[in-house]
Amino acid sequence: MSNAIQPAGDHEVFEEPVPPMQQLLDNPFLLLFIGIAVPTVLYIVLGVMEIVAIPIAK
Amino acid sequence: MSAILPPPERVWWKQPLDRVEGLWIGIALVWCLIMFFMMPYWHVYGKQNLANEAWRTTPEAYMKKAEEVVAKYKVREETDQKIPVVHPPAGSDVYLVARLWSWWPILELEAGKSYRIHLMSMDWLHGFSLQPENINVEVHPGYDHVMTVTPTRAGSYSIICNEYCGINHHTMASRLYVK
Amino acid sequence: MAVNRMFRTCPASGLVFHEPAENLMKANAVAAAVSLLVGGILAIGVTLTRWQAVHMLPPDSFYLFLTAHGLNMLVFWIIFFEMAILYFTSSTLLKCRLAAPGIGWVAFWMMVVGALMNNYAVFRGDSSVMFTAYAPMGAHPTFYLGLILFAVGALISCFVFFATLVVAKSEKTYNGSVPLVTFGAITAAIIAVFTIASGAIILVPTFLWSVGFIDHIDSLVYRTVFWAFGHSSQQINVSAHVAVWYAIAAIVFGAKPLSEKVSRTAFFLYICFLQLASAHHLLADPGLTSNWKIFNTSYAMYLAVLASMVHGLTVPGSIEVAQRQKGYTNGLFEWLRKAPWGNPAFSGMFLSLIGFGFLGGISGVMMGTEQLNLLIHNTLYVPGHFHATVVVGTTLAFMSLTYFLIPVLFRRQMMFAGMAPWQPYVFGLGMMGVSLFLMGAGTLGVPRRHWDIAFAGNPLPYEFPGSAWLMMALAGISSIFAFVGGAMYLAITVGSVFFGKKIETPGFKEISAQQGMVGRPQPAAAPADTTVIAGHQGGVGAGGMCMVAPGTFVLAIVFLVSFVLYYFINWKYLSTVWPLR
């Protein structure tokens, strides 16, 4: 992508690199992965593991 | 109409924050952390924490324990259905049975003493709601949930079901006495 | 490629509609309105039965109505409307053809069939299991099958949305990043995928159980996984209605986000953490440890609450900046006083923002606190809370968006134009009353989903205090206002869509997607990115506190103070309850 060009003072016209965080936010599929992986692990997997680990009554 | 148009700058990540946003984010973050740490704080210094103690069991095994306690500590019966009233010694294990659509037995406790109260359902989900004290706990079939309760004030309390459990859900109410 | 390339440009808004996308938006919006109508009619039965002086329905119909009301409102109305929003934010805002409209139609019809099947199961009378359908209480197999079909249809729609993003990117219909509103919709779609997948994980085995292929469904696992569906589906709403707030601020005021970075990062926090709040429902359950409960219920240290607090500032903040640029610079609040309060798109959106924040947000955090949850778990406080979030927050935001969409999408003039300005107030204030009074009743211990708080005929009844009965009556009266507001909405929208005067579009012509491509951007993209600087000039003088949106900041502080007070009042209340450990 070499569209927008930042006028940068008296420098030559140059392409400012897109910061990594913006690249992440511009990538819906990476976000999709994060948005599914985080709750699946922290909520569902850990939760079900705790339920499975409930001891049997004496 | 910029929120519905692509951002005009190619790189918007480096735009400086306005003070109103920066300040608010700071304040909000501090508040969020306070709220978060209130929960562990209350586990250490607070007195009202729901127990994590739970056991996997079957309705039959649970019912057997409940019946043993009733046989030992029954003091009288109430209503036409002859629901036993149990007066267990302080510190003992007390079993409360939730089933369609009643609580069994009725408990009679003493103020200032602690009891290990067990909660379990025989069939579907039920909701333990102690009124007017307002302690509300979910009651599952197959999971014996043990909490140590210390009544503080004498009186007649009600236990009502507050998890929908079918057509007669609204008739599921019982008592709890504190001497 | 044999794709339909019919585009039209709306002369009023300048938006570019792709015809197949437009038809899908219309179909989904109409299905949503029908669900809202059904759910609304059922609401009368629910609310007039709870009001003990009226006590309209017998118990079996009450529980049936409550089940159908919950499903039609929480699932069908909202998700149909969200699918329309997904198509709008992808195809229309990105000026892009919709990827695979045929698949979009398959998804739509699956959702319709699913919704009908589920309603059929409930109205048969043997599936009054509530929206939550907690196993081991069982419903008719078609109940689960309907929900599964609906969910899979919605999932397919989400993928049509994602595919459209890919098409837009590869056909270069926009430059750089997607609009903020589209980003909000991406957030909603991502949460939707997680939601629907969780729904499938639990509903498919439950369906198999209902037809006898599986003999046991664990109640605790069901509740845990179900809420990843049940609660997260409401988090789709939060993301979608926040996106709608930004859209309306942009449409009505030409407001620009204070900063793309902050607003998008806030949405990113939603993507990561909002779904964890499903744990709110499990705080009073046995077996799950406090570690799991605290971490999940707090959305990982309240980072999603932080995000909501940020949106709550930046949406009105961006409006304030836009208004100040128009010259409403006197004092702290001239921008707000002189806002178009007679425009239902704005007034609805603003009431939605206030109601969601003050009523829904604060109460939600209170109930989502591990120990405080003991006080209100399963009481009417819970419906009180979610009528503030889902009805005042989401439904009102969606309603205000339709006032914009009727002329733009349906190309009809608004009917009952004299009534429309009143609708958001009647509906919004009525519903805020419902929320407030239900929360009041819940604080007094009144259980939710309960036919008779008088316990008539019970040998051991509990006598609720008179104030609880008063709360129920007040909730009933407020709900009548809300109902009238809802009827006004349906009259206006249905009337306009089917009988409103057609708006002829002189500029209507076919253009190919190639022509729809944007040109190279002007290198000097300067005029648009001066928000911050221009905003500064509109701030209050050159004093120490030079802010672009001082009025909004004051409102935010008022919000924070109410939040802090209410939060600690509840801790104080909890400290008087019997010790438990």
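Start in chain C and select H7 (residues 260-273) together with H9: their axes come within 9 Å and cross at roughly 145°. This is a predicted model, by the way, so read every value on the tour with that in mind. Look along the pair and you'll see that H7(C) passes H9(C) in a left-handed crossing. Color by class and you get 12 nonpolar and 3 polar residues, with no charged ones.

Stay on H9 and pick C:Met301, which is found in that helix. Its phi is positive, about 60°, although this residue is not a glycine. That's worth a second look, because most residues other than glycine have a negative phi. C:Met301 has 17 C-beta neighbours inside 10 Å, so it counts as partly exposed.

Now bring in chain B. Its contact with chain C takes 92 residues from C and 79 residues from B. On the chain C side, the largest share, 9 residues, comes from H9 (residues 299-325), the helix you already have selected. That side of chain C has 59 nonpolar, 22 polar and 11 charged residues.

Next stop: another helix pair in chain C. Select H4 (residues 141-170) and H5 (residues 180-210), whose axes come within 9 Å and cross at roughly 155°. The two helices are therefore roughly antiparallel to each other. Here too the crossing is left-handed, with H4(C) passing H5(C). Among the residues making the contact are C:Tyr144, C:Ile148, C:Cys158 and C:Phe161 of H4(C), and C:Ala192, C:Gly199, C:Leu203 and C:Phe207 of H5(C). By class, this contact has 19 nonpolar and 3 polar residues, and no charged ones.

Zoom in on C:Leu155, which sits in H4 of chain C. Buried or exposed? It counts as buried, because it has 20 C-beta neighbours inside 10 Å. Leaving out residues up to four places away in sequence, C:Leu155 touches C:Val193 and C:Ile196.

From C:Leu155, jump to C:Lys95: the two are 60 residues apart in sequence and 23 Å apart in space, C-alpha to C-alpha. C:Lys95 lies in the loop between H2 (59-92) and H3 of chain C. Its phi is near 55°, another positive value in a residue other than glycine. With 21 C-beta neighbours inside 10 Å, C:Lys95 counts as buried.

Follow chain C on to the loop between H3 (101-124) and H4, where you'll find C:Pro136. The peptide bond joining C:Ala135 and C:Pro136 is cis, with omega about 10°. Most peptide bonds are trans.

There's a cis bond to see in chain B as well, from B:Leu100 to B:Trp101, with omega near -10°. B:Trp101 lies in the loop between strands E4 (93-99) and E5 (102-104) of chain B. Zoom out and color this chain by domain: domain 1 covers 16-49 and domain 2 covers 54-178. Their C-alpha centres lie 37 Å apart.

Finish with chain A, which has 2 helices and 0 strands. Of its 58 residues, 19% are buried.

Notes: Residues are numbered from 1 along each chain as its sequence is written. Chains are lettered from A and ligands numbered from 1 in the order in which they are written. This is a predicted model: local features need pLDDT of at least 70, side-chain atom pairs count only at pLDDT 80 or more; totals for chains, interfaces and linings use all residues. Two residues are in contact if their C-beta atoms, placed from the backbone, lie within 7 Å. Helices (H or I, at least four residues) and strands (E, at least two) are DSSP runs, numbered from the N terminus. Ala, Val, Leu, Ile, Met, Phe, Trp, Tyr, Cys and Pro count as nonpolar, Asp, Glu, Lys and Arg as charged, and the others, Gly among them, as polar. Domain bounds come from an automatic or database domain assignment. Axes are lines fitted to C-alpha atoms, for helices over the stretch in contact, and angles run from 0 to 180 degrees between N-to-C directions. Angles under 35 degrees count as roughly parallel, over 145 as roughly antiparallel, 65 to 115 as roughly perpendicular and the rest as oblique. A crossing is left-handed if the near helix is turned anticlockwise from the far one by less than a right angle, and right-handed if clockwise. A residue is buried if 20 or more other C-beta atoms lie within 10 Å of its own, exposed if 12 or fewer, and partly exposed in between; C-beta atoms are placed from the backbone.
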